[in-house]
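Hi everyone, thanks for coming. Let's take a look at today's structure together, and I'll talk you through a few spots in it.

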Amino acid sequence: MTSPVLLGGIDFFHLMNDRAMRSRGQAGNHCLYVLELDGRLDMARLAARLERATQVLPELRFRLDNSVLGRAGRPRWVVDHHRRAPEPRLHEVAGERERAARIEALLADRTSGERPWALDVVRGAGEGDTVVLRHFHALTDGKGADRLVAWLGSGSGDAPDDPPLRQERHDAPERLLAPLSRDERLALARAYKAHVLALGRAPILSLARACASDGTGARARALPARSRVLRLTLSAEETRAFDARVRQKARLAESSLMLIAATRLADRALVGRGFAPPHHVIPLPLSLDPKVGARRLFGNHLTMVLLSLGRDELHDDARAVARLAEQQRAMVRDRLDLGMIAALDLARWLPGPVYRWLGDQPFQGELASLIVSNPGAVTVEGFAGLPVRSAYPLPAVVTPPGFQVIFSRFGGRLSASIVHGDGLLGPDEAAAMPEALRAELLGEPGPPAAGAV
């Protein structure tokens, strides 16, 4: 028996973002976790495995509480004791291009608080299967999904290994606030609010807003609803070259070089459309899991920092790295990472319209200039007895900003998913993006800029 679990502040943020996305015609705030296997699964045995997993892990029967109490109070997960595992779906495709298109299409296949997870298998002729876990973002984050997939595929026969203990399976950032008094929490939240408002004094512009604008700031066309995906995987040699560049330029802060590279891509797209915002504001999630031994499967156990890069800093490696390092030092000094948790912990008590209104204030309706995430190394090595050849997380695009770059590592190789709103990039511009990102990561001259939409 698992008692109801209140959504943490970041969980609630993702729930509210889901509602906002659906109000704009998007599928919602959900993610994929993609595993490319060396071999084919037996679908009947996979279905039996998922059913067994759902029986032994109550959280796999979670749904958002839609009772009067659940709707009137803070959102919470409750266990549906009659729920069975979702039936895994098989999608047969012909060739790599159709496989990639099918995975991209699954980003439009909604999961929700009522049905927060599902599993699909994409199968090509003569190829290994691709397993796709679809999950509601409020249910878990990228690291949690990595461990959940690894557990679902563990063990032998048709049953996974014993799950982690109940107290290990779920965590929320708010536990870090437990030692603090009410006044200390309020002070941290106010400091974070002041930080965000200071960043908002200079305007930002996302690719989605730029493409929807008529040039005067007025909305000329609807924001895109569909996610499009571009993939880049560095070779082992290129990954070593990137790591050497991190040691040389960023003092082991690889996320700084990733953030700079992704922001340059977004800035180049804006400039190609005649826009030159004075700075870019980029949220960077930071996991709160221990480096070793974490067994959490559920909950968004992270905080997030907002980082800014000015136009005069962005294209100078040394200045950009120094500026990001300065902001991260200030974040630690002023406890802004904890301040963000305190602010969201307070905000989840607010009515939905007030919450959304407050969220729109700092950047005049923009969420950020773009989104960058670096969940780190993928740990899953096998699934249902088959080796994993590659694995990566893939969130649906949030529009606006409509442009996000998600980095991960598998088997010692760095990869990235460039996720953008359909129609925001022209065909040639989109085709050039992965090579442009490769060049930025390796410090090489980039390819010529392609034409905008």
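Predicted model: local features only at pLDDT ≥ 70, side-chain atom pairs only at ≥ 80, totals over all residues.

The lining is made up of Arg 245, Leu 257, Ile 260, Ala 261, Arg 264, Asp 317 and Glu 440. Helix H10, residues 254-271, supplies the largest share, four residues. The space inside is about 40 Å³.

Okay, the other cavity. Among the residues lining the largest cavity are Tyr 33, Lys 143, Asp 146 and Ser 408. This lining splits into five nonpolar, three polar and two charged. Helix H5, residues 142-152, gives the most here, with three residues.

Now, on to a sheet. In general, strands of a sheet pair through backbone hydrogen bonds, either parallel or antiparallel. Ours is an open sheet of four strands with mixed pairing, in the order S8-S15-S14-S11. S8 and S11 sit at the edges with a single partner strand each, so one side of each has no neighbour in the sheet. From one strand to the next, the twist averages 15°.

Zoom in on S14 and S15: they run antiparallel, joined by eight bridges. You can find Arg 409 opposite Leu 414 in S15. And here's H10 again, packing on the sheet and touching S11, S14 and S15. Its direction makes about 145° with that of S14.

Key. Residues numbered from 1 in each chain as written. Heavy atoms only, no water. 1 Å grid on protein atoms, 1.4 Å probe; cavity = no way out; pocket = protein on both sides within 12 Å on 5 of 7 lines; lining within 4 Å. Helix = DSSP H or I, 4+ residues; strand = E, 2+ residues; numbered from the N terminus. Nonpolar A, V, L, I, M, F, W, Y, C, P; charged D, E, K, R; others polar. Points joined across faces, edges and corners; volume = space filled by probe spheres on them. Pairing = 2+ DSSP bridges. Axes fitted to C-alpha atoms, helices over the stretch in contact; angles between N-to-C directions. Contact = heavy atoms within 4.5 Å.
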